[in-house]
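Biologist: Please walk me through one part of this model up close, and then show me how it ties in with the rest.

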Amino acid sequence: MAEASYPEELKYHAEHDWARIDGDQATFGITWYAQDALGEVVFFDPPEVGAQVAKDQTYAEVESVKADSDVFAPLSGEVVEVNDALAESPENINADPYGDGWLVKVRLSDPSEVDSLLDVAAYQDLL
C-alpha cells in the first residue's frame, strides 16, 4: 500500500477522485483515501475508449475484497485512453494511486469545469 499522500498539482473531486490536467486532457484516478477505504483492489471495470463521461457521474467500477465501488468523473469529456495494465495488475491502484494506478485519460469537453474542483488544501479539509 502507498503512503498517505495528496499531490499538490492535482485537482480533487468530493467523491475522492483526482484529475491531473494537461492542456485539454486530464488523467483521472482515485485518491489515496479512496483506495485505503476500499482495501485491496482486485478488479477494475473501465469504460471503453471513445466513451463520453460526464462530471459527477459514474464512469467505471472498482472492486475490492471489501466492496464494489462506483468511480465518479471529476470532469466531462471523451475517454482517449484506458490504463490497460490494471486488467493484469489492479493492485497498482493501491500501490501507486497517482502513478501506475491511474484509471483513464480524457479529452475535456468543458475545461472550465476544472474551476469547480478542489485544491489539495480544500480536499484535505473535506477529509
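Modeller: Take the open sheet: three strands in the order 4-6-7, paired antiparallel. Strands here are DSSP E runs of at least two residues, helices are H or I runs of at least four, and both are numbered from the N terminus; two strands pair if DSSP finds at least two bridges between them. This is a predicted model, so local features need pLDDT of at least 70 and side-chain atom pairs pLDDT 80 or more, while totals for chains, interfaces and linings use all residues. Residues are numbered from 1 along each chain as its sequence is written, and side-chain values use heavy atoms, leaving out hydrogens and water.

Strand 4 and strand 7 (68-72) are the edges, each pairing on one side only. Strands 6 and 7 are joined by five bridges; Glu 61, for one, has Asp 70 in strand 7 as its bridge partner.

Now for the packing. Phe 44 touches (heavy atoms within 4.5 Å) Ala 60, Glu 61 and Val 62, and also Val 82, Leu 86, Pro 90, Ile 93 and Leu 103, leaving aside residues up to four places away in sequence. Phe 44 is also among the members that touch the most others in the largest nonpolar core, which has 25 residues. Such a core is a set of buried Ala, Val, Leu, Ile, Met, Phe, Trp, Tyr and Cys residues joined through side-chain atoms within 4.5 Å, where buried means under 20% relative accessible area with a 1.4 Å probe, protein chains only. Strand 4 (41-45) and strand 6 (58-64) each supply at least two of its residues, as does helix 1 (32-38). A second, separate core of nine residues includes Trp 18 and Tyr 98.

Conventions:
Buried < 20%, exposed > 50% of the residue type's maximum accessible area, 1.4 Å probe, protein only.
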